Amino acid sequence: MAYLTQPDYVKYICSCGQLKPITSLYFCRHCLKIRCGFCICHEVDSHYCANCLENMPSSEARLKKNRCTSCFDCPSCFHTLSIRATLVQPRQASTEASGDAKVENKQAKKMYYLSCFNCRWTSRDVGIPDQPVASGGWPERTNPFTTRMNQLLEYYKAIALQEKQEKLERERKKFAIRGKYITLTDKTGLTGAMARNIAGLPSTDGGSSSAIANFVASQASEEVEELPEDVYTKEVNLKQITSMAQRLASPEWQPAEVSRLHPLAKLLSVKRSQRCRACDHNLTKPEYNPGSIKFKIELLAYYHVPEVKIISHESMKPGEKAALLVKLTNPTGHEMTIKLLQPEDVPIVEEEEQKSIEKSLEKSLNLEKDSYSWRAICRPASYSALCRVREVTRDFTLAQRDDAAEYDDDARHDADDVIVWRKSNKLALRLEVETEASAASGAPARAALALQYSYRNTVPPAGNQPHQRNHTLYTTVLLDLGHVI
Ligand SMILES: [Zn+2]
Ligand SMILES: [Zn+2]
Ligand SMILES: [Zn+2]
Ligand SMILES: [Zn+2]
């Protein structure tokens, strides 16, 4: 694995044309294609708080405005706040207290406050009273604009509903003109009331029109509040005013002074699963339990596609040849045969893919919109490679992955002009790279290299289609070889 700060020297070309490192790619075992975060569907599985690990369905998360009710972030530095306890000696109730009362008063009471371990901000700084219970009970501030916000929400919901109805009406007319009148109910078994319910809209039409009629739009005013007279003369104390990030962290109040900062309820995180757009199969699916970092399905390219790493290379000079050492790794549990090709020699199977996508889209009415976006995002990769890897006309066989062999120190040094060494499922190759004679000094030296590799598919296909186990797949990588000297 690469360091976080290290640039990606080897990038793979995704089937959508994006260039990504292997660590951010997926591999669909059903389409046998590389997919990336840009060309797959992301779905939210569950919401959870990253601090207390409480999880909740999305309806509850929406009600809570996607925030945890028991965890808070520091309003000053955004670190998670911790709950601290102190013993408080209650004040003497009165001077003429009886003996019994005195005994009771002596008992110290545990009180709790919120504190930031990073910047030392505490809830006492802004005068929030300590709480007698450790969890919950923190005073909630009401948004001063709640009424207006609700009015706006209602108004926009009504508008959305109106537009939806107009669209339905238009579609109905279109079908009627064509002579084949199909209502939405016939097509999907969905009634209008159900559709409104799914969209989270009110079920009666009367409410929506009255919400639009009664809505009072905001008016722009020329008169604005005057600035205080000393605004240019008063010395600014930066310790007392908030930064822009602090102010915008609570958009309802936007405190201008540090003394008005309040704890921020922690935002919820989501667990998401990812789906292949072409075949609708899951590429990743996390376990539901928020405490678990495991996946039920995890089809990462890192486990299925041969990995290419640059070991070293000579400097690239225009019109000259340079040596390049690369390492190939077979991550699969089966023997793999790899052949190096020039990128233009990779057979094009684009048409077939497009057909299969359209077929799967026909199945579901909902994905109709997606087909446009899919076509819009899939394009051939655009890159310029000034360097060219010299052709190697032979196959390389890589053994299957063997976790025990990871501990072996010895690599087999082959007396070979291409293979430098061989070690279980890894292979180091010595390649020759030629830089274009016209390459300008300082230009990025990049070389594209295509791999043809054998892949054994272990999942049987759905239905009674014949199971083809062995496949020949292709992938193209772009190697970053520094700059032309
Ligand atoms: Zn992609
Ligand atoms: Zn929480
Ligand atoms: Zn802090
Ligand atoms: Zn797929």
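**Charges, rings and a zinc site**

I begin with Arg-124, whose charged end sits over the ring of Tyr-113, 4.1 Å from the ring centre. Please bear in mind that this is a predicted model.

I turn now to the aromatic residues. The whole structure contains 4 aromatic pairs. One of them is formed by Tyr-155 and Phe-215, which are stacked at 3.8 Å centre to centre, with 10° between the planes. This pair links distant parts of the chain: Tyr-155 belongs to helix H3, whereas Phe-215 lies in the loop between helix H6 and helix H7, 60 residues apart. Both Tyr-155 and Phe-215 are buried. Together with Tyr-156, they form one aromatic cluster.

Next, the metal site. The zinc ion is coordinated by the SG atoms of Cys-14, Cys-16, Cys-36 and Cys-39, at 2.2 to 2.3 Å. The arrangement is tetrahedral, because the 4 donor atoms subtend angles of 106 to 114°. For comparison, the ideal angle for four tetrahedral donors is 109.5 degrees. Along the chain, the donors follow the spacing C-x1-C-x19-C-x2-C. Cys-14, in the loop between strands S1 and S2, and Cys-39, in the loop between strands S4 and S5, are 25 residues apart. Cys-14 and Cys-39 are both buried.

Finally, Leu-299 occupies the loop between strand S13 and strand S14. Its relative accessible area is 5%, so Leu-299 counts as buried. Beyond its sequence neighbours within four places, Leu-299 contacts Tyr-26, Phe-27, Arg-29, Asn-282, Leu-283 and His-304. From Leu-299 to Ile-34, the C-alpha distance is 10.0 Å, across a separation of 265 residues in sequence.

How values were computed:
Residues are numbered from 1 along each chain as its sequence is written. Chains are lettered from A and ligands numbered from 1 in the order in which they are written. This is a predicted model: local features need pLDDT of at least 70, side-chain atom pairs count only at pLDDT 80 or more; totals for chains, interfaces and linings use all residues. Side-chain values use heavy atoms; hydrogens and water are left out. Helices (H or I, at least four residues) and strands (E, at least two) are DSSP runs, numbered from the N terminus. Buried means under 20% relative accessible area, exposed over 50%, partly exposed in between (1.4 Å probe, protein chains only). Contact means heavy atoms within 4.5 Å. Donors are N, O and S atoms within 2.8 Å of the metal (3.2 Å for Na, K and Ca); water is not among the atoms, so sites may look incomplete. Four donors count as tetrahedral if all angles lie between 85 and 135 degrees; four count as square planar and six as octahedral if opposite donors are over 155 degrees apart and all others between 65 and 115; anything else is irregular. Rings of Phe, Tyr and Trp (its six-membered ring) pair if their centres lie within 6.5 Å; planes under 30 degrees apart count as stacked, over 60 as edge-to-face and the rest as tilted. A charge sits over a ring if NZ of Lys or CZ of Arg is within 6 Å of the ring centre and within 35 degrees of the ring normal.
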